[in-house]
Amino acid sequence: METRPSASPPLWLLAELTYRCPLQCPYCSNPVEMAAADRELATEDWQRVLREARQLGAAQLGFSGGEPLVRQDLELLVAEARRLGFYSNLITSGVGLTHERVVGLREAGLDHIQISFQSAEDEVSALLSGSSKAFAHKLAMAEAVKSAGYPMVLNFVLHRHNIDQVDRIIQLASDLGADYVELANTQYHGWALLNRDELMPSREQLIHAEQVTNAWRQENPDGMRLYFVVPDYYEERPKPCMNGWGQMFLAVAPDGMALPCHSARGLPLQFPNVRDFDLETIWRHSDAFNAYRGYDWMQEPCRSCPEKERDFGGCRCQAFALTGDPTQADPVCTKSEQRGLIDTALAAANCHATGGTSLMYRSLQASRDILASQS
Amino acid sequence: MNRDLIPSLNKHFRMQWEEAQGCYVLLYPEGMVKLNESAGLILACVDGQQTVADIISDLAARFPDVEGIAIDIEEFMATASAQRWIELA
């Protein structure tokens with residue numbers, strides 16, 4: 001284990017409490033190998049992780065999953081987070097939320113609840129989530145969140161099957177009294193990568209959705225804030241993923257695996273587990289967290305690129321998933337020799353329309369089947 | 001700027017001192033703003049009770065050597081309001 005004392009503090013802790021989830025969204029960013037991580041951390045483990053992360057300087061905390069509401073100790077963890085001085089965010093589908101829990105979590109000190117929606121319509125929502133009742137419940141819970149005094153952030157994951165509804169999505173968010181709305185195009189990791197050809201919007205769809213979003217912003221300058229995230233495949237330069245590997249973001253998976261990015265589980269590294277090491281050792285000294293810090297690990301064209309300090313070579317998970325080598329440039333970059341992998345996927349998305357019939361839905365059983373086929 | 005306005009922190013924001021970063025930060029849903037020293041000092045006076053004029057006279061008394069402090073404070077209030085960190089009412 002090498003020591004690099006220059007590591008900056010992990011300002012963000014993402015606590016993925018469980019991979020269990022009542023929904024089956026095919027764009028889920030959870031790893032497809034999630035069934036292998038079935039031994040969840042206990043309440044005391046999570047309380048220790050929160051304390052250690054706060055000592056290292058973490059201030060923002062996300063409770064995520066899977067569906068974090070599945071964990072019945074969520075209120076206990078929220079209370080510990082408040083005591084420690086975290087700003088805590090609950091990232092939820094809203095399924096499993098009740099009026100009592102909305103209020104109880106507020107009393108425990110939760111700062112913010114983000115509810116994710118599949119669409120602005122019942123039928124599309126049912127198709128994508130695998131649940132016919134989820135949509136009405138989400139609406140009711142969004143109203144409960146608002147009336148309990150939380151800031152209201154709604155998240156809509158966009159893809160080919162709902163991006164043309166963006167006007168109705170914005171209207172729904174406005175009707176619900178949202179303060180912030182994330183119109184986040186699917187990022188193609190985990191289950192979403194498996195379903196990429198079924199989910200990727202066409203360039204026309206994307207341009208239209210951005211135009212609608214910009215028009216709403218201009219007409220409502222003092223209205224809710226809209227954040228529009230494009231799929232990085234349509235960019236020419238990679239995103240500065242996580243602001244650099246091991247720079248400010250620390251995720252802990254349900255089984256205690258510590259990761260510099262919640263999609264990193266599949267990378268060919270030995271990730272440390274919080275059951276075996278304290279977070280300071282993991283953050284500062286583990287080989288996995290040091291693997292892609294700085295610039296020495298880079299190959300060309302990144303190594304000599306003047307833009308490397310801005311984008312850090314892009315996303316390690318995407319480089320590995322698409323090229324088989326995590327030290328390659330993120331193939332989104334047009335300077336990458338592998339950019340053709342991205343262009344081929346885009347060409348497919350722009351020339352054939354599919355009806356969503358061959359989507360692979362996220363489930364623990366599907367994950368077990370994938371693991372069995374790999375071994 | 002009307003100095004009779006009373007600034008208050010956006011109720012969805014929390015301001016706190018962060019030892020690891022050596023500064024005040026503003027925390028909000030999935031976001032964090034690091035405040036420089038003067039921004040931290042001004043925002044620490046924003047309590048939903050004092051007017052802009054009160055805050056100016058308070059800080060002018062504490063920092064008599066800083067020239068143009070009133071203008072700095074007004075400019076910060078305008079920026080913070082545009083960023084929705086504070087509401088002026």
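Biologist: Which residue of chain A meets the side chain of Arg14(B) in a salt bridge?

Modeller: This is a predicted model, in which local features need pLDDT of at least 70, side-chain atom pairs count only at pLDDT 80 or more, and totals for chains, interfaces and linings use all residues. Residues are numbered from 1 along each chain as its sequence is written, chains are lettered from A and ligands numbered from 1 in the order in which they are written, and side-chain values use heavy atoms, without hydrogens and water. A salt bridge is a side-chain nitrogen of Lys or Arg within 4 Å of a carboxyl oxygen of Asp or Glu. Here the N to O distance is 2.8 Å, and the partner of Arg14(B) is Asp111(A).

Biologist: How many salt bridges are counted between chain A and chain B?

Modeller: The pair of Arg14(B) and Asp111(A) is a salt bridge between these chains. The count between chain A and chain B is two.

Biologist: What area is buried between chain A and chain B?

Modeller: Buried area is the accessible area (1.4 Å probe) that two parts lose on being put together, summed over both. In contact (heavy atoms within 4.5 Å) are 27 residues of chain A and 16 residues of chain B. Carbon and sulfur atoms give 50% of the buried area, which is about 1,600 Å².

Biologist: Which residue is the bridge partner of Tyr28(B) in strand 4 of chain B?

Modeller: Strand 3 (residues 23-28) and strand 4 of chain B pair in the antiparallel sense over four bridges. The bridge partner of Tyr28(B) is Gly31(B).

Biologist: Which are the edge strands of the open sheet of chain A?

Modeller: Nine strands of chain A have the order 7-6-5-4-3-2-1-8-9, with mixed pairing. Each edge strand pairs on one side only, and these are strand 7 (225-229) and strand 9 (258-259) of chain A.

Methods
Pairing = 2+ DSSP bridges. Helix = DSSP H or I, 4+ residues; strand = E, 2+ residues; numbered from the N terminus.
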